[in-house]
Amino acid sequence: MELRKCKNCGAFINSESDFCTACANTLNYNKSILKNYFEDNGSTNFGSISSVSSNTGVSPNIVQTYMTENEYINSADLESTSFASLPY
């Protein structure tokens, strides 16, 4: 098994995962927060990525990725609203 770098924090890891244990746990926790948020507020009345981020405390990049993966937003529409370059 080769050493890899965590895609989030850059720590060296010795596994096939893309994230270290701490980052994977944080990402899973953020995804559960978003899942609960969308279940409580409905999948059509969520507002913008910024409003979801401010209401949940989850970074806009993670919100955007979660919404794309769960088909709340279309990935083709993200070019004008992408948060990928924003530090959080």
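A residue is called buried when its relative accessible area is under 20%, exposed when that area is over 50%, and partly exposed in between (1.4 Å probe, protein chains only). By this criterion, buried residues account for 25% of the 88 residues in the chain. The structure is a predicted model, in which local features need pLDDT of at least 70 and side-chain atom pairs count only at pLDDT 80 or more, while totals for chains, interfaces and linings use all residues. Residues are numbered from 1 along each chain as its sequence is written, and side-chain values use heavy atoms, with hydrogens and water left out.

The chain contains three helices and two strands, taking helices (H or I, at least four residues) and strands (E, at least two) as DSSP runs numbered from the N terminus. Along the sequence these elements follow the pattern β-β-α-α-α.

Helix H2 (residues 49–56) and helix H3 (residues 60–69) have axes that come within 9 Å and cross at roughly 115°; axes are lines fitted to C-alpha atoms, for helices over the stretch in contact, and angles run from 0 to 180 degrees between N-to-C directions. Ile49, Val52 and Ser53 of H2 form the contact with Pro60, Val63, Gln64 and Met67 of H3, where contact means heavy atoms within 4.5 Å. Of the residues in this contact, five are nonpolar, two are polar and none is charged; Ala, Val, Leu, Ile, Met, Phe, Trp, Tyr, Cys and Pro count as nonpolar, Asp, Glu, Lys and Arg as charged, and the others, Gly among them, as polar.

In H3, the buried residues are Pro60, Val63, Gln64, Tyr66 and Met67. Viewed down the axis of H3, these buried residues fall within an arc of 165°, so they line one face of the helix; the arc is that of the directions from the helix axis to the C-beta atoms. H1 and H2 are included in what covers them. Just after H3, Glu71 adopts a positive phi of about 60°.

The largest nonpolar core has 10 residues: Leu34, Tyr37, Phe38, Phe46, Ile49, Val52, Val58, Val63, Tyr66 and Met67. Such a core is a set of buried Ala, Val, Leu, Ile, Met, Phe, Trp, Tyr and Cys residues joined through side-chain atoms within 4.5 Å. Helix H1 (21–41), H2 and H3 each contribute at least two residues to this core.

Ile33 lies in helix H1 and, at 24% relative accessibility, counts as partly exposed. Leaving aside residues up to four places away in sequence, Ile33 touches Thr56 and Val58. The C-alpha atoms of Ile33 and Thr56 are 7.0 Å apart, although 23 residues separate the two along the chain.
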